[in-house]
Amino acid sequence: MPDNPRKLQFADVNDDVVRSLTQTGSAYYITLTVAITVTLVCFFFPWFYQLNYGIGAAGMNQPTVWGTYLASFIFWIGLSHSGTLLSCVLHITQSSWRKAMYRSAEAMTLFSLMVAGTMVMVHVGRPWFIHWTLPYPNQMGLWPNFRSPLMFDVMAITTYLTGSSIFIYMGTIPDFAAVRDRTTGWRHHMYVMLSLGWRGTDTEWHRLGWAYTFLAVLIIPLAVSVHSIVSWDFALSLVPALHQTIFAPYFVVGAIYSGTAGIVTVMFVLRKYMNFEHYITDLHFDNLGKLLIVLSLIWTYINALELFTAWYSGTSTEYEALKYKLFGYYAWLYWEMILFCAVAPLLMISKRFRTSFVPMLILSIVINIGMYTERFLIVGTSLSRQYLPDSWGVYVPSSVEISIMVGTLGMFSTLFLIFVKIFPSISIYEIKETMDQPGEAATSTPGTEGGAD
Amino acid sequence: MVSHQAVGLFPAPDAALAAAGKLKGAGFATPSLMSPIPMEGVEEVLGEKKSVIKRFTLMGGIIGGICGFLLAAGTAVVYLHPVGGRPIITIPPFLIITYEMTILFGILFTVLGFFISARLPAIRERVYVPEAAVDKFAVAVEVDDDAHFQKAESILREAGAEEVRAMKEEAA
Amino acid sequence: MSFIDQFAEQWQAYRKPGYYDKFDYAWTMTIDLDRCTGCEACVTACQAENNLPIVGEEEIAKGRTMHWIRIERYWEGEYPDIKLRFIPMLCQQCDAAPCETVCPVSATYHNQDGLNAQVYNRCIGTRACAVYCPYEVRYFNYQTHHWDTPLDQQLNPDVTVREKGVMEKCTFCIQRIRLAKDTAKDDGRRRVRDGEVQPACVQTCPTEALVFGDRQDPDSAVAKQLNDPRAYRVLEELNTAPSVVYLKKVEVDAGAR
């Protein structure tokens, strides 16, 4: 707990948030420049090369026609799963520790979804025709094929993107209004538009409360369906290691797992560089750590289950895929994943570990490296060992793919850096709700009321 | 047509709520409260609030579900396109489309319901005190003339208002 | 008939699996592994007929082959008691094709000849069909291929060339089937006669291991071979209902020899 020289007042919250929006240090500009440069050099430049040359610029080959692009797509969709989903669940269960962190967590959802959408464009062979997957007929009257798991994806992801954009925007309207009164120039005009004339009347608060709760209730099943559907891209195929009923829950748990780790990373950065020490405290890291350890255990269980069913089935194809996964060409990646995602998180059993910031940051990054590996293995090892041994093969990502993989990080960072200067990155009014009300006796510290629930 | 309002600023939510109750008891039109955070206990003082948003959400869900199934099944029927030995109308995959569309329309209609019932975005100037977005709790009540304003002011001051302002807004 | 009855009737028709049972033809190929010598003449014929690019040494090393029909090679046993087996593998033109259901833009579908058709112009290159195909017979254009002069002079004008980002596969030489159907129509016949149309691979096979025809016609050569006790389908347990039927190689048991 950072020691407060003075108790936080309502006005301090406004000051802190407006300051985070308007006062920009050189460190921010340097980071932004680096992020934009990485995006341009590592993402767009190789992508344009690939658009010109064809998918052959990547390392995909005959048995393994899907590669890191799809792994990145699943990874970013997965990362999107904690923000809005976690925020909705914690809103419904009225856990007040959510309030300091949910805005940036939801932004994470939004931007990882955007990056995931970009990965689809990078992945397909002819991205200039990607609009054919939208539900409209072509000049022959032919519509997209709604039986296709990929089409489920299109519907689910557009719905999810719409839903989470609306969710984050609705929750921010009162904050836009608060910031509107304190800014000048172009910012003022922007916030006037964004706040829609919000005044904070009792009726407005009442309606917002209802609408927000309904949105949360709608988004929870949506988020679960989105990653289930992503898993069906694989599970509905006939590929031995992919055609499994456990895949939907496996993907959903994996998504929430990596997303929660992502939130830890983002929280650390916000706390450190936006000076939100009073709002994002060790309590948040403690709670997120508890959540992570539960998710890690479920994830490990499903992984063990996957191995067991493959072994128990005894069919030659399943058995071969299993053997290849554990001892084949990519085996070192598999064991790395187990170490990073199943063994390392056990450190969080210690409360001292959970409440120390730097170890949590390192662990959260390690978990996400492990989860990226998991997605790569799902695509890579399974497709390398299919039914006909003649078409077995090995896939190694090309330099273009690795560069694009790094570039997506730059793209995500760029979007996030722009976000923190436009959106109040912690919720002004919800932080105030957790503080001492004016005229009341001091009982609690900001953002900590309610504890872990 | 201009409507005159008396706006009292309070440092704490309880005093603001009490003032609103007194104003209502004294025969004023139902006052509106402005606050930096959602206030508790408003309904006990100013009467129950009913929200139409849930109807919008339900309607949206139903319309979305129907549209979703029609989208999938209808487009399969208008252009017969044999695929994988499956029937033309394949129920399980189409239910997934239905599910997604149900949620999409549910969300969109919820937002529509919110905008309509909260009267946002604002199209005309309305009474607003910027302090109410920081740490003050404001009570605004419509007054007819100066005498009426003074009556409102005295009630507000009595309840603990730090400041009372005379403001006007364009009436609807 | 009332509206509701009409609706119910339509509904039932649309809910029937294999709504497309009434194909005009059911093109089938049988491959007699007893006759197959693994000479790869079919591979070459297909290459010439269907404008398949020669991807080159570098691409082959990366594993990006482009053969709509390939000879799969399997070694059995340990040296010196070793046996080489091979099996020609091409698109099985499955009646319940997994690749068709997964295409989001309907670029691959079942046409009225019972063929698994691929519409190159509609393909956006998700490559999902190649993942869903258990036979690994769908080939992706990793780049736009070029034919150096004078090789471009030998391109088949009846077949399109494909650009980068498009999936392609064996069509059972659909251009020949179309031509045969048109000829039959011009002659005033309703149907194509057995033996009138042959894909390039079947035409080229020196040992006549490959037979092509319409299995709806009980007198066709292919329909007769289907009754052979040696007949089997590859990966039949996956319920893809392939239209390519293999006739097992008969081996004399080592003990009986």
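How many helices and strands does chain A have? In this predicted model, chain A has 15 helices and zero strands. The C-alpha trace of chain A spans about 75 × 55 × 40 Å along its principal axes. A compact globule of 453 residues would have a radius of gyration near 22 Å, and the 23 Å of chain A agrees with this. Of these 453 residues, 53% count as buried. Contacts between residues at least 6 apart in the sequence of chain A join, in 81% of cases, residues at least 24 apart.

The contact between chains A and B takes 50 residues from chain A and 54 residues from chain B. On the side of chain B that touches chain A, at least two residues each come from helix H1 (13–25), strand E2 (32–34), helix H2 (42–46), helix H3 (53–78) and helix H4. Among these elements, H4(B) gives the most, with 15 residues. By class, this side of chain B comprises 37 nonpolar, 10 polar and seven charged residues.

The crossing of the two helices is left-handed. From H7(A), the contact is made by Arg207(A), Leu208(A), Ala211(A), Phe214(A), Leu215(A), Leu218(A), Pro221(A), Leu222(A), Ser225(A) and Ile229(A). The residues of H4(B) in this contact are Ile96(B), Tyr99(B), Glu100(B), Ile103(B), Gly106(B), Ile107(B), Thr110(B), Gly113(B), Phe114(B) and Ser117(B). Taken over both helices, the contact residues divide into 13 nonpolar, five polar and two charged. Arg207(A) and Glu100(B) take part in the contact and belong to the charged class.

Chain B is also in contact with chain C. Here the contact takes 10 residues from chain B and 17 residues from chain C. The side of chain B that touches chain C has six nonpolar residues, three polar residues and one charged residue.

Definitions and conventions: Residues are numbered from 1 along each chain as its sequence is written. Chains are lettered from A and ligands numbered from 1 in the order in which they are written. This is a predicted model: local features need pLDDT of at least 70, side-chain atom pairs count only at pLDDT 80 or more; totals for chains, interfaces and linings use all residues. A crossing is left-handed if the near helix is turned anticlockwise from the far one by less than a right angle, and right-handed if clockwise. Helices (H or I, at least four residues) and strands (E, at least two) are DSSP runs, numbered from the N terminus. Two residues are in contact if their C-beta atoms, placed from the backbone, lie within 7 Å. The radius of gyration is taken over C-alpha atoms; the globule rule is 2.2 Å times the number of residues to the power 0.38. A residue is buried if 20 or more other C-beta atoms lie within 10 Å of its own, exposed if 12 or fewer, and partly exposed in between; C-beta atoms are placed from the backbone.
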